[in-house]
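This briefing covers a two-chain model, arranged by topic. Please read it with the structure open.

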Amino acid sequence: MSLVNISVGPQHPALKEPINFTFTLDGENIVSADARIGYAHRGIEKGMERGNYVQGMFLTERICGICSHAHSMAYVLGVEKLMQLEVPKRAQYIRALLGELERLHSHLLWIGVAAHEVGFDTIFMYSWKDREVVMDLLEELSGNRVNYAVNIFGGVKRDYTKEQLDNVRAKVLSLKSRMKYYIDMATHEPSFIARFRDVGMLSHNKAIELGAVGPTARGSGVPVDHRVTDTFLIYDELKVNMIVEEGCDAMARYDVHARELLEAVKIIEQILDQIPEGPISVKYPRKVGPGESITRYEAPRGEDVHYLMADGSDKPFRYKVRAPTLANIPAVLEMFKNSHMADIPVIIASIDPCISCTDRAVLLADVYTGKPAMSWKELVAYSNRYYAENHGIKG
Amino acid sequence: MTEDTALALFEKDFQKFNGTLKRWNARQVELTVDAKHLLDVMNVAITDEVHYKFLSTIVGVDLGDKLAVKYLLAHKSEMLVVTVQVPYDGPELPSITVVLPAALLYEREIHDLLGIVFTGHPNLARLVLPDDWKDGVFPLRKNCVMEKDDAGKPTGACLINQA
């Protein structure tokens with residue numbers, strides 16, 4: 001049988017980061033895959049060269065809607081290195097607190113989406129309900145559900161009362177038992193196991209070779225988590241366990257996400273226990289450099305690298321951002337090899353890409369005629385039907 | 001092996017490439033080498049002794065009179081930045097994808113945005129720019145500005161590289 005090319009993606013007007021995959025299929029099996037990105041390239045790196053450093057803070061925060069705090073942190077830390085600022089301890093704890101809350105909501109979002117892709121909408125509803133609790137907390141702390149805007153060079157913009165912090169502790173702890181349930185379900189629910197186990201294999205060596213980051217790498221047994229392996233903020237004062245799974249499949253990546261939820265709760269508790277009193281910011285200079293700095297921040301999806309070249313003026317000379325999803329694309333292309341077409345949704349979802357790009361928008365089209373053949377919804381329905389008919393797994 | 005000795009070993013190893021070594025801070029070192037040594041440096045960097053096997057990203061910079069490419073290699077909390085410089089006209093570098101496949105997308109991105117050709121790359125197709133983008137216009141170069149009409153007003157649509 002001859003090979004068939006199909007194109008998946010990227011159409012949707014509301015997408016932040018649409019992606020297109022071209023799959024070469026031999027019957028149901030994927031022989032190879034290629035990716036094309038940039039459908040909504042916004043030129044942020046060029047934009048950074050035009051605005052001054054304070055304007056850059058608002059721009060970096062808008063790189064991503066889910067992990068906006070991660071990008072803003074990486075930027076602020078990089079600039080502060082060149083400004084040679086000593087940031088007050090309390091401000092660093094507040095930054096870490098927001099970062100861990102962001103990790104909670106990002107991972108809860110991902111668990112819901114992963115469950116949704118295999119037709120398990122009960123978990124989708126549960127985890128997104130839990131996520132609302134975290135989102136409400138973030139709104140209480142920062143005023144916004146996304147783009148928290150708490151960072152400023154030299155510290156943070158908002159201080160919190162003891163009552164506010166106690167409220168964080170109470171609400172986060174109330175989620176703990178539900179998170180344990182997500183871990184339990186993953187190890188016991190047969191339909192979940194059947195759809196995730198041995199799907200989207202990424203061997204340990206390939207994960208290193210292709211430069212996978214974050215939960216994708218940790219699911220393949222690569223011990224890399226910058227909260228442990230690198231030092232930034234106050235993570236060296238906290239006890240952080242690195243969650244590593246050896247399964248190399250989508251199940252291992254699910255386990256990493258679910259167990260990291262519990263770990264994030266533990267970290268939040270430590271932050272609330274140890275947060276010192278004191279000032280929350282120091283004055284910062286207008287001009288930066290000259291010099292270069294590289295910051296690596298552990299975003300929910302993995303290593304987020306920001307590079308800054310400053311020339312001593314009030315504007316960055318060159319700013320470069322590498323978001324974690326880009327680093328994981330070569331890895332996801334590798335996962336597709338020798339997989340079933342029906343596993344495409346699970347594999348794409350398993351690397352935790354920026355969900356707005358995959359979930360709502362992927363379009364299956366015939367590359368020769370350009371005629372849309374299948375919507376993302378239909379593809380998911382097809383894969384659920386495929387497993388129901390051939391393996392007796394009901395979603 | 002502790003991190004200190006890995007770094008020391010690598011400093012010794014790279015003497016032979018006539019590079020200049022610059023220590024940014026305790027954990028970040030920049031090595032500037034001639035482009036012809038690039039692949040040799042990469043081959044040494046990924047050995048089990050030196051162990052810079054993780055390519056964080058590749059940064060392309062327009063320095064005004066020439067282009068620079070910085071390879072950010074990492075091992076745990078350490079970072080080795082390998083910098084090479086290429087001329088403005090006809091910039092060309094060997095692709096490091098044979099040594100580090102993680103560079104596949106990063107090299108394509110720099111090819112799009114700065115116009116550096118990576119020889120030996122398996123597929124140097126467009127990655128981030130649109131399919132109908134004008135050939136030879138590289139948006140991240142410093143001389144890339146908005147196109148203006150005869151009255152001096154920006155046309156709003158297109159970028160050009162000024163001579």
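In chain A, Asn5(A) has Thr24(A) of S2(A) as its bridge partner. The two strands concerned, S1 (residues 4-8) and S2 (residues 20-26) of chain A, pair antiparallel over five bridges. The model is a predicted one.

- S2(A) and S3(A) make a hairpin with two residues between them.
- In the turn of this hairpin, Gly27(A) has a positive phi of about 65°.

**Overall form of chain A**

- The chain contains 16 helices and ten strands.
- Its radius of gyration is 21 Å, close to the 21 Å that the globule rule gives for 395 residues, so chain A is as compact as a globular protein of that length.
- Along the principal axes, the C-alpha atoms of chain A fill a box of roughly 70 × 45 × 35 Å.

**Domains of chain A**

- Domain 1 of chain A is assigned residues 4-40 + 326-391, and domain 2 is assigned 44-322.
- The centres of domain 1 and domain 2 of chain A, taken over C-alpha atoms, are separated by 26 Å.
- In the contact between them, 25 residues of domain 1 of chain A meet 31 residues of domain 2 of chain A.
- On the domain 1 side, the elements that give two or more residues are helices H13 (324-336), H14 (344-350), H15 (355-358) and H16 (376-391) of chain A.
- H13(A) gives the largest share of that side, with seven residues.
- By class, the domain 1 side has 14 nonpolar, six polar and five charged residues.

- Three strands of chain A form an open sheet in the order S6-S7-S8, with antiparallel pairing.
- S6 and S8 of chain A are the edge strands, and each pairs on one side only.
- From one strand to the next, the twist averages 15°.
- Nine bridges link S6(A) and S7(A) in the antiparallel sense, and Ala299(A) stands opposite Gly302(A) in S7(A).
- Helix H3(A) packs on this sheet and touches S6, S7 and S8 of chain A. The direction of H3(A) makes about 150° with that of S6(A).

**Helix pair H3 and H4 of chain A**

- Two packed helices are described by the angle between their axes and the distance between the axes.
- For helix H3 (residues 68-83) and helix H4 (residues 89-117) of chain A, the axes come within 9 Å and cross at roughly 145°.
- The crossing of H3(A) and H4(A) is left-handed.
- H3(A) makes this contact through His69(A), Ala70(A) and Met73(A), while H4(A) makes it through Arg95(A), Leu98(A), Gly99(A) and Glu102(A).
- The contact of H3(A) with H4(A) comprises three nonpolar, two polar and two charged residues.

**Contact between chains A and B**

- Between the chains, 27 residues of chain A are in contact with 22 residues of chain B.
- On the chain A side, at least two residues each come from helix H1 (44-50), helix H9 (204-209), strand S6 (291-299), strand S7 (302-310), strand S8 (316-322) and H13 of chain A.
- S7(A) supplies the largest share of the chain A side, four residues.
- The chain A side divides by class into ten nonpolar, six polar and eleven charged residues.

**Sheet of chain B**

- Chain B has an open sheet of five strands in the order S1-S2-S5-S4-S3, with mixed pairing.
- Strand S1 (20-25) and strand S3 (54-62) of chain B are at the edges with a single partner strand each, so one side of each has no neighbour in the sheet.
- Neighbouring strands of this sheet are turned against each other by 20° on average, direction ignored.
- S1(B) and strand S2 (residues 28-32) of chain B run antiparallel and are joined by five bridges. Thr20(B) is opposite Thr32(B) in S2(B).
- Helix H3 (residues 103-114) of chain B packs on the sheet, where it touches S3 and strand S4 (66-75) of chain B. The direction of this helix makes about 10° with that of S3(B).

Methods: Residues are numbered from 1 along each chain as its sequence is written. Chains are lettered from A and ligands numbered from 1 in the order in which they are written. This is a predicted model: local features need pLDDT of at least 70, side-chain atom pairs count only at pLDDT 80 or more; totals for chains, interfaces and linings use all residues. Axes are lines fitted to C-alpha atoms, for helices over the stretch in contact, and angles run from 0 to 180 degrees between N-to-C directions. A crossing is left-handed if the near helix is turned anticlockwise from the far one by less than a right angle, and right-handed if clockwise. Two residues are in contact if their C-beta atoms, placed from the backbone, lie within 7 Å. Ala, Val, Leu, Ile, Met, Phe, Trp, Tyr, Cys and Pro count as nonpolar, Asp, Glu, Lys and Arg as charged, and the others, Gly among them, as polar. Two strands pair if DSSP finds at least two bridges between them. Domain bounds come from an automatic or database domain assignment. The radius of gyration is taken over C-alpha atoms; the globule rule is 2.2 Å times the number of residues to the power 0.38.
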